Amino acid sequence: MDALELIALAAWSFAVSAAGGLVGLVLGNLRLPLVVLLASSPAAGAGANVAISGVAATTSAAAHIRAGRIDWRLFAWMAPTSLAGAVIGGLISGALPSRVLLGVIALVVLYGALEVARFRRPAQTEQVVGRRELLLNAAAVGFGVGVMGGVVGLILGSLRLPAMVKWVGVGPYEAVGTNAAVGAVVGVGGLLGHLPSGVDWSLFAVGAAAAIPGAYVGSHLTGRLNEQALLRACAVVLVVSGLAMLAQAIIG
């Protein structure tokens, strides 16, 4: 790799992590094509990308923890099932057409952007779903997204976030923070799963060095947006992420 390639990777990693930190996403699908292009092999590039995603998610989650934007009970129900689903998805990844699945996920993410954009807090007079049912929804969402992410090699916070807003009953700030924390756990699991096939550690070093400050900056901007502005930002990032996944599914 020459200096310009390293600079491009660092700049893109910073930008992706800043946008992701703002809305509680990792956005590894936006970073993946460049990392794989520069890597010694596609498998080593995928491993480096997952590792960068884990570092970015951890940095973002740390900022959200300090700001009190994580629902720890929700995290306790969602993180283990997300990790288990990711492991199962990785095991069955060779048996499913990944490009088709990625295209379906992209369409769901684009629909999720619409759901996030039109989110409104329920009025107090509306019937509220029981807390236990919401936690069971969270566990199911975590497992389902984990399986799909394991198959296509992504953390898929962009799919988990709108599902949390629609089905788990949390507000935008808590969804952003908790999603980042769950993403950190799934990222660690993804890295462990890629160790046998190898990781391009030089790319990881460059990408992580830029992703850490990017995620830090983005996550500290979250609290400066009012709820509606945060929802709009989430929707915009989800649209970009969904379109990027759709393009990858079509182009390959």
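## Ground rules

Helices here are DSSP runs of H or I with at least four residues, strands are E runs of at least two, and both are numbered from the N terminus.

The model is predicted, so to speak of local features takes a pLDDT of at least 70 and side-chain atom pairs count only at pLDDT 80 or more, while totals for chains, interfaces and linings use all residues. Residues are numbered from 1 along each chain as its sequence is written, and side-chain values use heavy atoms, with hydrogens and water left out.

## The overall build

The protein chain has 10 helices and 0 strands, giving the pattern α-α-α-α-α-α-α-α-α-α along the sequence. Its radius of gyration is 17 Å, close to the 18 Å from the globule rule for 252 residues, so the chain is as compact as a globular protein of that length. (That radius is taken over C-alpha atoms, and the rule is 2.2 Å times the number of residues to the power 0.38.) Along the principal axes, the C-alpha atoms fill a box of roughly 60 × 40 × 30 Å.

Of the 252 residues, 52% are buried; buried means under 20% relative accessible area, exposed over 50%, and partly exposed in between, using a 1.4 Å probe and protein chains only. Take the contacts (heavy atoms within 4.5 Å) between residues at least 6 apart in sequence: 84% of them join residues at least 24 apart.

## Two nonpolar cores

A nonpolar core is a set of buried Ala, Val, Leu, Ile, Met, Phe, Trp, Tyr and Cys residues joined through side-chain atoms within 4.5 Å. The largest one has 55 residues, and Ile105, Val152, Leu156 and Met245 have the most contacts inside it. Helix 10 (residues 227–251) gives the largest share of this core, 9 residues. A second, separate core of 14 residues includes Leu9, Val35, Ala39 and Val199.

Alanine 39 is in the loop between helix 2 (28–38) and helix 3 (42–66), and it is buried at 15% relative accessible area. Beyond neighbours within four places in sequence, alanine 39 touches Ala44, Gly45, Asp200 and Leu203.

## Around helix 7

Leucine 156 lies in the loop between helix 6 and helix 7 and is buried at 4% relative accessibility. Setting aside neighbours within four places, leucine 156 contacts Ile105, Val145, Met148, Gly149 and Met245. Its phi is near 60°, a positive value in a residue other than glycine.

Next comes helix 7 (residues 157–167), which is largely enclosed by the rest of the structure because 9 of its 11 residues are buried. Among those buried residues are Ser158, Arg160 and Pro162. The cover over them includes helix 1 (3–23), helix 4, helix 5 (98–117), helix 6 (131–152), helix 8 (172–194) and helix 10. Just after helix 7, glycine 169 takes a positive phi of about 75°.

## A greasy spot outside

Val87, Ile88, Leu91, Ile92 and Phe143 form a nonpolar surface patch with about 440 Å² of accessible area together. Areas come from the Shrake-Rupley method with a 1.4 Å probe; for residues, only the protein chains shown count as cover.

Helix 4 (residues 72–91) supplies the largest share of the patch, 3 residues. Leucine 91 counts as exposed, at 72% relative accessibility.

Note on methods. Patches are made of residues with over 30% relative accessible area and no salt bridge: like charges are joined within 9 Å, nonpolar side chains (Val, Leu, Ile, Met, Phe, Trp, Tyr) within 5 Å. A salt bridge is a side-chain nitrogen of Lys or Arg within 4 Å of a carboxyl oxygen of Asp or Glu.
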